[in-house]
Amino acid sequence: MKTPIHIGKLLLISLLMSVVMQSAYAERLYYRTKGNKVGMVDARGNVVIPIAYNSIEPWGENLYKVQKGFKSGICNNKGQIVIPVKYYFHRLNDKGLAAIALGVNKNGLIDAEAHFILPCEYKYLYEFDGDASKLAAFGEGSYNSFEREELLITDCRYMCFSNSINNLTKCGLLDVTNGKVLIPAGQYNCILKPVSGMSRYYNTKRSNTTYGYVNIETGESFEVGSIDSKLDNIKYMTHSDFHGNVAAVNNGNAWHIINRSGETIRNNYNDIRFNPPAHIWVGHRGDGTLDVFDEDGRDKAGFQGYTDIVFPDDMGDRKVFPLKNTEGKWGLLSLEGTAIAPFLYQEVRIGCSNVIAVRKDGLWGFMNSQGKQLVKCKYADVEMPVEQDPAYVWYKDAHGFWCQLNLNTGKESPTEYANAEPFRDGLAWVRPREMTFGGGVLDAALTTNSTDSISESKLGIIINEQGEVMFPEAVTSELLPKIKSLIVKKGGGALNRAEAHRFLLQQSAENRMYPMNTKIDDNDWDY
Amino acid sequence: MTGTIKTVIILLLLSAALCSTAQDENRYRRSSIYSILINHSEQNFSEDIRKAFLKIPVPDKYNDHNLSVKVVTLGKKLSGASSDKENEQITAFLDSNQIASRLVGRWFNRDIYTGECNMDLVKERGMYDATEFDKEMAARSTRGIALLEDAGEDLIGNTFVLVNDIRYVDKSKTTMWVGIGLAILSAGAGAAMVANGASLSQVNSFNQSAQNLATTIQNIKGFKVKINTFLYRLVWDKEVASAFYENQYSNAPDEAKRLAFEAARAGYRLEYVGKVESRASETSYVGVNLYDPQAMVRKVCQRALDENIVDLQTEFEAFRTRTPILTSEPITASIGLKEGVSKKSKFEVLERVEKEDGTISYKRVGVIAPDPDLIWDNRYMAVEEGAPNSLLGKTTFHKVSGSAPMPGMLIREM
């Protein structure tokens with residue numbers, strides 16, 4: 001027999017629960033204004049933070065940034081001043097750090113708990129550029145561009161500082177986690193972000209620049225070269241970051257590898273590369289030989305005796321590398337150096353997918369990253385997939401057109417396209433063999449934020465893996481992700497012509513404007 | 001065990017009910033607007049104004065009924081811009097481009113290639129029970145006809161076009177604010193200099209950089225626009241509606257009805273309601289990132305447009321918005337300075353009444369007024385500006401007359 005629920009008990013318990021839930025907000029404060037001033041009161045209306053500030057906003061948890069005029073401070077939820085109201089604050093970034101200044105040229109950092117990470121002592125503080133690609137893209141010497149509109153967007157693990165208002169070189173280096181000065185200011189014209197505990201430096205005197213490394217743990221430095229050129233005029237990469245315990249140095253004729261003491265342990269390479277995901281270095285010599293070695297400079301077992309190697313763009317969870325042997329044939333090795341695929345191939349293409357394209361006897365096929373042949377080498381050309389375990393890929397048929405191939409069944413679709421891009425989430429951009437363009441050209445042309453017209457070869461349609469047209473208007477491939485979202489919103493159904501037209505108009509809205517005194521073409525309207 | 005689970009569930013539900021909760025403030029009928037910019041290409045900052053305008057969202061008290069054309073350009077002043085009379089140039093543009101018919105097309109999600117229409121948007125914005133609505137339409141019942149009339153009056157007939165003629169107010173006399181500008185930069189936005197370095201090529205040109213920045217600051221500080229906003233309303237009466245439903249509406253591809261609508265486009269009309277002009281007042285640059293002048297353009301334009309919308313609501317009752325009451329103890333609503341709430345405002349409280357035939361009407365049940373110290377400053381970038389009351393999140397009211405307002409009731413400024 002079931003026990004009846006007593007309503008009275010129920011109400012009492014739920015009241016208690018409600019009180020408990022509401023008590024979670026007991027410390028919550030509420031804004032209260034008087035004229036142009038604001039303060040904060042508790043739930044009973046008692047003033048906690050005086051109604052004396054121009055603005056108050058939350059800071060981290062249970063803290064408030066209070067502002068009078070241009071100056072701010074931090075108050076806790078008991079009204080106690082934690083940081084006096086005499087600073088200039090920037091906003092907290094997503095890592096809970098904020099720039100703070102005590103007047104001009106006294107800058108520091110605080111966190112979301114109002115702790116000073118760096119005291120307000122620095123005239124200038126710099127982040128290292130977060131975009132690693134820029135480090136190699138420009139000429140040596142103009143190290144990183146720090147100009148940006150937002151502050152503290154990198155991890156700020158290390159920052160540079162300078163106390164010279166007229167000379168923004170000769171920076172020092174700070175470890176922001178503990179505020180320790182790793183490199184005093186004034187020693188080097190230019191220092192770069194530490195990697196593996198070592199920071200590259202440059203020093204220029206008159207027209208000569210010397211370069212080397214500073215060990216940020218010991219403070220010791222060593223020079224590795226010099227060049228008769230000012231810093232801004234150096235045209236080639238002089239020395240790389242340390243990766244592990246070795247770095248590459250360019251003496252103008254060849255690369256050589258040094259250890260942390262500056263001793264050369266390998267030399268005479270024409271080019272040097274480092275693969276971060278695999279932690280391996282590769283160097284080509286003039287005689288065609290290839291050295292593959294680890295972050296300690298030791299030969300990588302199983303990787304010796306080859307003449308070339310391909311580093312994939314994205315290792316993913318694959319640990320395979322195409323290598324070329326002395327007979328000019330390509331095969332696959334695992335990261336441990338064991339054979340994955342035999343050295344039979346004229347060419348190997350490897351991208352971010354776990355499906356690899358191989359060429360034998362002039363024809364292409366596919367294998368997976370375990371070395372298993374998926375499709376025999378029988379095609380004039382193939383398009384590399386971009387997904388893991390793709391169901392469909394593209395091959396070029398005897399007429400020079402692209403066709404769909406089911407990797408699982410080997411079935412070839414007869415539909416030919418002039419151009420095709422890999423499938424992503426079940427959709428692919430293709431350019432039909434015969435495609436007519438109406439107003440779709442104008443719409444599509446403007447979706448790339450340019451008023452220049454787009455070459456018709458860049459315009460196509462979107463199909464699914466069954467070859468069905470999912471977006472019938474002419475469009476560039478870069479819009480595929482947005483089109484995918486629309487299709488998902490429509491429950492997976494294809495967009496009709498009107499829907500596609502409206503989408504393109506929406507995409508190009510920023511680039512379209514019309515003279516007021518003319519009648520706008522009907523094709524530029526969505527309804 | 002089952003009894004225990006039931007008890008827990010009931011307790012949780014009761015507890016939730018005892019804690020105050022905000023109503024779903026999105027579930028109420030709104031007017032619909034389509035907003036166009038007249039961009040003066042002969043002026044400085046026309047490109048900045050255009051970009052800023054395109055970023056400004058439809059105010060959340062209105063439905064977005066925008067069409068694909070948002071910007072038209074004019075290489076000279078709009079003639080008659082300062083007059084309150086209907087502007088011939090604007091009306092000619094709206095007529096020649098058959099805007100009224102396109103607004104109707106949008107209401108019914110009309111496929112321009114096949115003529116197929118549906119009532120999805122009407123159902124969504126009218127908050128009708130979708131299944132009931134479809135049933136009554138299919139049966140062509142009296143109730144169904146009443147629902148269509150209701151949708152026509154309260155929804156489709158409340159579709160507006162705002163044509164915004166925005167002109168930059170050129171400063172012919174400029175004071176050099178270099179020194180003060182820099183001082184403000186380094187003092188008020190001193191932290192902006194922190195962690196903001198320079199590439200080596202700028203090492204020896206710091207002073208020059210500072211000078212350019214001062215010029216930028218000077219432009220930012222004094223940026224002003226003047227906006228004339230012209231208001232038009234879609235004409236949707238019984239005659240228009242009847243012709244549409246009988247001859248042009250089809251819920252499947254229909255070439256004859258498609259052509260009938262195309263032929264009838266010129267017959268759809270917009271009527272001129274009125275016009276307001278912005279005050280071109282000073283907008284504080286505080287809170288604006290001085291390294292992003294575009295942000296100041298947007299702030300100035302958005303505040304001026306919001307002010308114009310408030311003025312249009314004040315002058316033209318049909319354009320006034322309704323806002324739901326969030327809580328009853330205290331009385332609050334998500335409305336503030338942006339909507340023109342002031343110490344002198346008074347709001348009528350409206351109770352939504354659903355009649356037997358499913359149509360909706362509103363009955364006044366009281367009047368409320370805002371607490372002067374608790375008016376939310378929800379103007380664009382008020383928080384960044386550090387404006388008092390910018391973080392309130394809602395405005396608090398007190399009852400003036402009538403019965404106690406309840407969450408879900410709507411308020412409308414009187």
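Modeller: Start with pairing: two strands pair if DSSP finds at least two bridges between them. Keep in mind that this is a predicted model.

Colleague: What makes strand E27 and strand E28 of chain A a pair?

Modeller: Strand E27 (residues 330–334) and strand E28 (residues 339–345) of chain A are joined over three bridges. The cut-off is at least two bridges, so the strands count as paired. Their sense is antiparallel, and A:Leu332 stands opposite A:Ala341 in E28(A). In this hairpin four residues lie between the strands. A:Gly337 there takes a positive phi near 95 degrees.

Colleague: How do you know that E9 and E12 of chain B pair?

Modeller: By the same test. Four bridges join strand E9 (residues 347–354) of chain B to strand E12 (residues 410–413) of chain B. At least two are needed, so this is a pair. The two strands run antiparallel, with B:Val349 opposite B:Ile411 in E12(B).

Colleague: Which strands of chain B close into a barrel, and in what order?

Modeller: Six strands do, in the order E7-E8-E11-E10-E9-E12 of chain B, with antiparallel pairing. From one strand to the next the twist averages 50 degrees.

Colleague: What holds paired strands together in general?

Modeller: Strands of a sheet pair through backbone hydrogen bonds, either parallel or antiparallel.

Colleague: Which residues of helix H3 of chain B are called buried?

Modeller: In H3 (residues 88–96) of chain B, B:Ile90, B:Phe93 and B:Leu94 are buried. The term requires 20 or more other C-beta atoms within 10 Å of a residue's own, so each of these three reaches that count.

Colleague: Why do you say that the buried residues of H3(B) line one face?

Modeller: Seen down the axis of H3(B), they fall within an arc of 95 degrees, so they line one face of the helix. On the other side, B:Glu88 and B:Ala92 are exposed.

Colleague: What do the buried residues of H3(B) pack against?

Modeller: Their partners in chain B include helix H4 (99–107), strand E3 (71–74) and strand E4 (159–168). Just after H3(B), B:Gln98 takes a positive phi of about 55 degrees.

Colleague: How much of chain B is buried?

Modeller: Buried residues make up 41% of the 414 residues in chain B. The chain has 14 helices and twelve strands.

How values were computed:
Residues are numbered from 1 along each chain as its sequence is written. Chains are lettered from A and ligands numbered from 1 in the order in which they are written. This is a predicted model: local features need pLDDT of at least 70, side-chain atom pairs count only at pLDDT 80 or more; totals for chains, interfaces and linings use all residues. Axes are lines fitted to C-alpha atoms, for helices over the stretch in contact, and angles run from 0 to 180 degrees between N-to-C directions. A residue is buried if 20 or more other C-beta atoms lie within 10 Å of its own, exposed if 12 or fewer, and partly exposed in between; C-beta atoms are placed from the backbone. The arc is that of the directions from the helix axis to the C-beta atoms. Two residues are in contact if their C-beta atoms, placed from the backbone, lie within 7 Å.
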